[in-house]
Amino acid sequence: MRTIMLAILTITAPVFIIMALGYFCVRFNVLTQEQLGGMGLFVMRIGLPMLVFHAIATSPLAEVMNMVYLKGYALASLLAFFAGCVVARWRGQEKIHAVLNGLGSSMSNSGFMGYPLLLMAIGAPAGVFFTMNVLIENILLLPLMFVLIDLARGGSANIWATLRRILFGLLKNPIILGLLIALVFSVFGLPLPGVAEKVSGMLATASSPLALFVIGGGLYGLKIKGGWADALVLVLGKLLLFPLLVAVCLWLFGADRQVLFSGILLASVPMASMYPLFGREFGYERQTSAAMLATIIVSFFSLSLVLFFWGLN
C-alpha cells in the first residue's frame with residue numbers, strides 16, 4: 001500500500017507542483033499574464049501539434065487508431081455531453097449555459113494536463129491516446145457545441161453555414177494540420193527523416209511541462225463567488241459521471257487494461273482550458289471559471305483514486 005501511494009505521488013505531485021509554480025510566478029509578478037499567454041500560444045501552435053505529429057508519423061496507422069478506444073471514448077463523451085445539458089436544463093439554466101455545461105462535463109484538458117499525467121503513468125503510448133482524444137474533441141464535441149448554441153440562439157437556418165465555418169476552422173487548427181500531415185507518413189509507411197523525428201520529439205517533450213505551467217498561471221485571479229451548487233454539479237459530472245461512462249463504454253467494446261486505464265485517466269482530468277473562454281464569449285465567464293477552478297482542486301483526489309486502483313491491478 002505504501003509503495004502504491006508513493007507511486008501515485010510520484011505521478012501527481014510533479015503535475016500540481018508545476019501548476020503551483022505557474023500560479024505563484026504570476027501571483028508575485030515574475031511573469032505577466034501577457035507573457036503567460038505567449039507560452040500558451042507556443043504550446044497550442046507548436047508544442048501540441050508536434051506531439052500529435054510525432055505520435056502518428058512514427059507509428060503504423062493500426063497502432064495509432066485504436067478503434068475500440070475511439071468508439072468507446074466517443075460514445076461516452078456524447079453521453080456525458082447530453083447528460084450535462086439535460087441536468088443543467090432540469091436545474092433551470094438557460095439553453096446556452098446548459099450546452100456549455102455539456103461541454104464542460106465531456107471534454108477533458110487532454111493536452112495541457114491529461115497527456116503529461118498519462119505520459120508519466122504509461123510512457124510513450126500516451127501520445128497515441130492523446131491523439132485520439134484530439135480527434136474526438138475537435139471533430140465531435142466542439143462542432144456539436146457550436147451547432148447546439150446556434151440552435152439555442154434560434155439560428156436553425158444557419159446550421160450548414162455553422163458547419164462550414166467549423167470545418168474551415170478545423171483546417172486552420174495547427175493540431176489538426178499536424179495530424180493530417182502525420183497521417184501521410186503513417187498510412188503509406190513513409191520513414192520520418194531522422195532530423196524531423198528529433199525536432200518534433202524535442203518540441204513535443206517541451207510542451208508537457210510548459211502546458212502545466214500555463215494552466216497554473218491562468219488560475220491566478222479565478223474565484224468561486226457563489227454558484228457553489230452549479231459548480232458542484234459540474235464537478236460531479238466531469239470527475240465522476242464521465243470517467244464511469246468511459247469505463248463502461250470501453251469495457252463493453254472489449255478494451256484491454258491499458259486502453260481502459262488511459263481512457264479513465266484522461267476522462268478524470270478537469271475540463272478543457274478553453275471552457276471558461278467559451279463562457280466569457282457567451283456571457284457566462286463567472287460560472288465557467290468557478291466550475292473550472294473547483295474541478296481542478298477536486299481533480300487531485302479523483303486522479304489519485306484512478307491511479308490507486310491502477311496500481312492495485
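How many disulfides does a search of the whole structure find? The search finds zero disulfides, a disulfide being a pair of cysteine sulfur atoms within 2.5 Å. The model is predicted, so that local features need pLDDT of at least 70 and side-chain atom pairs count only at pLDDT 80 or more, while totals for chains, interfaces and linings use all residues. Residues are numbered from 1 along each chain as its sequence is written, and side-chain values use heavy atoms, with hydrogens and water left out.

**View 1. Cysteines Cys249 and Cys25.** The closest cysteine sulfur to that of Cys249 belongs to Cys85 and lies 17 Å away, too far for a bond. Cys249 is buried, at a relative accessible area of 4%, and Cys25 is buried too, at 13% (buried means under 20% relative accessible area, with a 1.4 Å probe and protein chains only).

**View 2. Helix H11, residues 228-252.** Helices are DSSP runs of H or I with at least four residues, numbered from the N terminus. The 25 residues of H11 reach 35 Å from first C-alpha to last, close to the 36 Å expected, where the expected span is 1.5 Å times one less than the number of residues. H11 bends by about 30° at Gly237, the bend being the angle between axes fitted to the seven residues ending there and the seven starting there. Buried residues of H11 include Gly237, Phe242, Pro243 and Cys249. Just after H11, Gly254 has a positive phi of about 85°.

**View 3. Helix H10, residues 194-219.** The end C-alpha atoms of H10 are 39 Å apart, which agrees with the 38 Å that its 26 residues should span. H10 bends by about 25° at Ser208, with Pro209 following within four residues. Gly221, which follows H10, has a positive phi, near 100°.

Methods. Helix = DSSP H or I, 4+ residues; strand = E, 2+ residues; numbered from the N terminus. Buried < 20%, exposed > 50% of the residue type's maximum accessible area, 1.4 Å probe, protein only.
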